[in-house]
Amino acid sequence: MNSPHLTADELDGLLDQQISPRVTSHLATCAECASMVERDRRVVQALAALPYYDAAPDFGDRVIRGITPRQAPAAVVVAERSPRAVAARRRAIGALVLAGGGLAAGFAWAATHPGEALRWSGPALQDSGHAVWQSLQSVVANATEQPWFPSVRDALATPVRALLAFAGITGCYAFALTGLRRLMTEPATDAGW
Amino acid sequence: MTNPTPVEWGALSDQEVVRHAARGREAAYRELIRRYQRPVFSLIYRMVRDRELAEDLAQETFIKVLNAIDSYRPEYKFSSWIFKIANNAAIDQLRRRALNTLSLDGSPHAENPDAIEATTLQIGDPQESQLDEVTSRELGSQIETAIGKLRPEYRSCIILRHIDGRPYEEIAEMLDLPLGTVKTYIHRARNELRILLGDMRE
């Protein structure tokens with residue numbers, strides 16, 4: 001034997017009439033490969049001659065009957081809240097009313113007793129205002145030192161760009177909020193309650 | 001599902017027919033069924049070897065495809081999509097019912113001679129001469145028997161490659177297999193068929 005036997009790729013090539021010089025010379029000297037190629041050809045010819053089969057004559061009608069008619073999208077059904085969710089919602093509203101009421105009472109008292117209010121709140125407001133201002137300054141200083149700051153500044157350089165960026169951020173925020181809301185209103189499973 | 005303008009369905013590509021089908025036109029559904037009924041049914045029939053079951057699975061395949069026609073992505077061939085669903089249906093069935101043994105002489109579920117006759121694989125073209133029919137039936141029957149003895153994965157690969165004439169790349173896409181694996185399966189399937197047919201003739 002002069003050369004190694006034919007590879008699977010070479011056999012495939014032969015079936016597609018792609019015959020390389022190596023294949024031709026090998027087949028001339030190797031009876032084993034020549035016989036295998038011949039038997040492979042017979043198998044492939046026999047396979048190619050096999051008929052297609054027909055389904056029953058009413059096949060098409062049965063398929064058509066099985067297709068779901070196209071419908072408009074179903075209306076979104078708002079999930080009914082569970083008793084636990086309703087109670088939590090009531091508690092949250094109660095807490096908000098209490099906090100809001102407290103704040104309103106505080107403002108009302110401060111408006112009617114301005115001297116007293118300033119005496120009590122003045123130093124605290126001064127301290128907290130100073131702290132807020134210092135934090136803001138450090139945040140801005142930190143941001144301006146970042147490598148991405150010039151590109152962000154350039155991107156927002158014109159009012160139109162700034163408006164577009166603002167709209168984009170607002171859109172993302174609204175999208176996230178809607179998604180979160182949807183997650184929160186998914187029907188709760190009552191298993192184990 | 002009315003047809004406002006006459007359409008030469010035969011002249012349209014699969015993609016164009018699918019676009020009409022996505023608008024709910026019954027004629028487009030029927031055209032897709034006409035184009036793919038025989039190859040899809042034949043693939044499933046050769047896989048499961050049971051006519052009644054093959055009809056059910058082919059029907060299921062078409063219903064699934066036509067109900068989901070909106071989700072068809074035109075960058076892929078429609079034929080790849082439908083064959084993929086048909087092959088999956090057949091493989092699932094074989095796994096469920098362990099039907100991957102040959103029943104060329106009728107369904108294993110057939111309970112009387114009429115049912116056996118009705119579910120027997122029909123080999124040979126009815127228009128051939130009697131002698132041709134006998135030879136063709138003999139060879140066809142032998143090769144159908146041999147195909148039935150292959151592993152299901154080899155079976156779908158060899159049917160798609162050498163009976164349907166699909167290219168290797170399309171078969172790989174249909175069966176979600178790497179191209180090299182498809183080539184190996186087809187090569188092994190041919191080896192097995194060669195051996196099985198040799199045994200049958202001896």
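## Around helix H7 of chain B

Just past the end of H7(B), B:Gly165 adopts a positive phi of about 70 degrees. Keep in mind that this is a predicted model. H7(B) itself covers residues 152-163. Its 12 residues stretch 15 Å from the first C-alpha to the last, close to the 16 Å expected at 1.5 Å a residue.

How many residues of H7(B) are buried? The count is 10 of its 12, so this helix is mostly covered. The buried ones are B:Tyr154, B:Arg155, B:Ser156, B:Cys157, B:Ile158, B:Ile159, B:Leu160, B:Arg161, B:His162 and B:Ile163. For chain B with its 202 residues, buried positions make up 37%.

## H7 against H8

On the H7(B) side, the contact uses B:Ser156, B:Cys157, B:Leu160 and B:Arg161. H8(B) answers with B:Ile171, B:Met174 and B:Leu175. By class, that contact has five nonpolar residues, one polar and one charged.

## H8 against H4

H8(B) also packs on helix H4(B), residues 78-97, at an angle of about 50 degrees with the axes 8 Å apart. H4(B) and H8(B) are therefore oblique to each other. The crossing here is right-handed.

Which residues meet in this pair? From H4(B) there are B:Ser80, B:Phe83, B:Lys84 and B:Asn87, and from H8(B) there are B:Glu170, B:Glu173, B:Met174 and B:Leu175. The set splits into three nonpolar, two polar and three charged residues.

## H4 against H2

On to H2(B) and H4(B), whose axes come within 9 Å and cross at roughly 20 degrees. Are these helices roughly parallel or roughly antiparallel to each other? They are roughly parallel, because the angle is under 35 degrees. H2(B) passes H4(B) in a right-handed crossing.

H2(B) brings B:Tyr36, B:Val40, B:Leu43, B:Ile44, B:Met47 and B:Val48 to the contact. H4(B) supplies B:Ile82, B:Phe83, B:Ala86, B:Asn87, B:Ala89, B:Ala90, B:Gln93 and B:Leu94. These residues divide into 12 nonpolar, two polar and no charged.

## Where chain B touches chain A

The contact between the chains takes 32 residues from chain B and 24 residues from chain A. On the chain B side, the elements giving two or more residues are H2 (26-48), H3 (51-67), H6 (130-148), H7 and H9 (179-201). H2(B) gives the most, with 10 residues.

What is the class make-up of the side of chain B that touches chain A? There are 15 nonpolar, nine polar and eight charged residues.

## Chain B overall

Chain B has nine helices and zero strands, so read along the sequence its pattern is α-α-α-α-α-α-α-α-α. Among its contacts between residues at least 6 apart in sequence, 60% join residues at least 24 apart.

Technical notes. Residues are numbered from 1 along each chain as its sequence is written. Chains are lettered from A and ligands numbered from 1 in the order in which they are written. This is a predicted model: local features need pLDDT of at least 70, side-chain atom pairs count only at pLDDT 80 or more; totals for chains, interfaces and linings use all residues. Axes are lines fitted to C-alpha atoms, for helices over the stretch in contact, and angles run from 0 to 180 degrees between N-to-C directions. Helices (H or I, at least four residues) and strands (E, at least two) are DSSP runs, numbered from the N terminus. Two residues are in contact if their C-beta atoms, placed from the backbone, lie within 7 Å. Ala, Val, Leu, Ile, Met, Phe, Trp, Tyr, Cys and Pro count as nonpolar, Asp, Glu, Lys and Arg as charged, and the others, Gly among them, as polar. A residue is buried if 20 or more other C-beta atoms lie within 10 Å of its own, exposed if 12 or fewer, and partly exposed in between; C-beta atoms are placed from the backbone. The expected span of a helix is 1.5 Å times one less than its number of residues. Angles under 35 degrees count as roughly parallel, over 145 as roughly antiparallel, 65 to 115 as roughly perpendicular and the rest as oblique. A crossing is left-handed if the near helix is turned anticlockwise from the far one by less than a right angle, and right-handed if clockwise.
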